[in-house]
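Reader: I have a structure open and would like to go through it. Can we start with a helix?
Author: Fine, here it is.

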Amino acid sequence: MRVLLKLELDCTPDAAWRAIRSPAVLREVVAPWLDFDSLEPGGLPTVWPEGPHRMRALAFRRFPAGDEFVDVSFPGGLPSGVRMLRDGGGALTGPLAVFREWDHRMAVSPLPEGRTLYRDRLRARAGAWEAAAWYPTWAFWQWRGLRLRQLAPGWSYDPPGTADARELEGASP
């Protein structure tokens, strides 16, 4: 199955790039339907570094709904100005483990007047459950798109030399 989003966001590409690399923004975008608790020592990072990160999904921000992992990478070889985050993880237990394959890619690129083109593509396989899983997945992705549009105007980018920028420097591809 494929689920796609293509949105214009009211923020700069740098702010959008920072946001899609933030576990805190992930939690805001999926609320109130889901939340995530880290299963890693030290909890969720401020910015996703490359590699796998174990989490517990919480339905309605409260009820355990299985364990999963986000497996972050930053694909290269993209056109000038395009930045991409890829999550190749997936659910290990719980209802979302119906997805046997998970390839989620989010890309940002500049638009005129400081706005951002955001593209989001999920390719997933759920075997015999795929037909039943498609509509709820599509509906959830529409919710994510709505939340991204709502949140984007409040995102900012901390220029080099600020405390937040120094922390992010180690996580940039």
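Reader: Which residues of H3 are buried?
Author: In this predicted model, the buried residues of H3 are Ala133, Thr137, Phe140, Trp141, Arg144, Gly145, Arg147, Leu148 and Leu151. Buried means under 20% relative accessible area, exposed means over 50%, and partly exposed lies in between (1.4 Å probe, protein chains only). Helices (H or I, at least four residues) and strands (E, at least two) are DSSP runs, numbered from the N terminus.

Reader: Where do they sit around the axis?
Author: On the same side of H3, because they cover an arc of only 165° around the axis. The arc is that of the directions from the helix axis to the C-beta atoms.

Reader: And what is on the face turned away from the buried side?
Author: That face of H3 carries the exposed residues Ala131 and Tyr135.

Reader: What do the buried residues of H3 pack against?
Author: They pack against strands S1 (2-9), S2 (34-38), S7 (101-110) and S8 (116-125), and against helix H2 (23-30).

Reader: Before I forget, how are the numbers made?
Author: Residues are numbered from 1 along each chain as its sequence is written, and side-chain values use heavy atoms, with hydrogens and water left out. As the model is predicted, local features need pLDDT of at least 70 and side-chain atom pairs count only at pLDDT 80 or more, while totals for chains, interfaces and linings use all residues.

Reader: Back to Leu148. What is it in contact with?
Author: Leaving aside neighbours within four places in sequence, Leu148 is in contact with Leu7, Leu9, Val29, Tyr118 and Trp155. Contact means heavy atoms within 4.5 Å.

Reader: New topic: Asp120. Buried or exposed?
Author: Asp120 is buried, with a relative accessible area of 2%. Its place is in strand S8.

Reader: Which side chain does the Asp120 side chain make a polar contact with?
Author: That of Tyr118, at 2.4 Å. A polar contact is a pair of N or O atoms within 3.5 Å; within protein, one must be able to donate a hydrogen and the other to accept it, and residues adjacent in sequence count only if both atoms are side-chain atoms.

Reader: Last one. How many helices and strands does the protein have?
Author: Four helices and eight strands. Buried residues make up 42% of the 173 residues.
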